[in-house]
Amino acid sequence: MSDWDTVTILRKRAPKASTMKTESAVNQARRQGAQVDTSQKFGAGTNKQHQTTKNTAKLDRENEELKHDKIPLDVGKIIQQGRQGKGLSQKDLATKICEKPQVVQDYEAGRGIPNNLILGKIEKVIGLKLRGKDRGAPLAPLGKK
């Protein structure tokens, strides 16, 4: 036989595994009588990342609302009066204590979360006590009590 007599038949490629898994491909295989093997994988269709934990029920039973402590409003007023007494704006006070102006604004409005470091810095700049029993009293000079 010569090469002219041979016939080469080109076929389509075999379908990929992903196309074999589609519902239409499975139904077509069933219609043709081919053997179809179906098995469910362990944990299929569930997202293990968001699985409920044992503590979820315990947290649901918790009825107490947990919130951060806020600066008392009277401390905010003391800060405001002390700042104005020194002739400082909120921005100036924030610059002197190395904080953002928003922090000073929140403390004066009573929205800030108490931080002893920040309160200490503000005390030194405005010269008034913000912590303890005698809030609003002039800060004693260093070395004398």
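Predicted model: local features only at pLDDT ≥ 70, side-chain atom pairs only at ≥ 80, totals over all residues.
The average over the chain is 80, and 77% of the residues score at least 70.

Residues are numbered from 1 along each chain as its sequence is written. Local features need pLDDT of at least 70, side-chain atom pairs count only at pLDDT 80 or more, totals for chains, interfaces and linings use all residues, and side-chain values use heavy atoms, with hydrogens and water left out.

The chain contains 7 helices and 0 strands, where helices (H or I, at least four residues) and strands (E, at least two) are DSSP runs numbered from the N terminus. Of the 145 residues, 18% are buried, meaning under 20% relative accessible area with a 1.4 Å probe, protein chains only.

Helix 4 (residues 73-85) packs against helix 6 (residues 101-109) at about 125°, with the axes 6 Å apart. Axes are lines fitted to C-alpha atoms over the stretch in contact, and angles run from 0 to 180 degrees between N-to-C directions. The residues in contact (heavy atoms within 4.5 Å) are as follows.

| Helix | Contact residues |
|---|---|
| Helix 4 | Leu73, Gly76, Ile79, Gln80, Arg83 |
| Helix 6 | Tyr107, Glu108, Ala109 |

Conventions: pLDDT = per-residue confidence, 0-100. Buried < 20%, exposed > 50% of the residue type's maximum accessible area, 1.4 Å probe, protein only.
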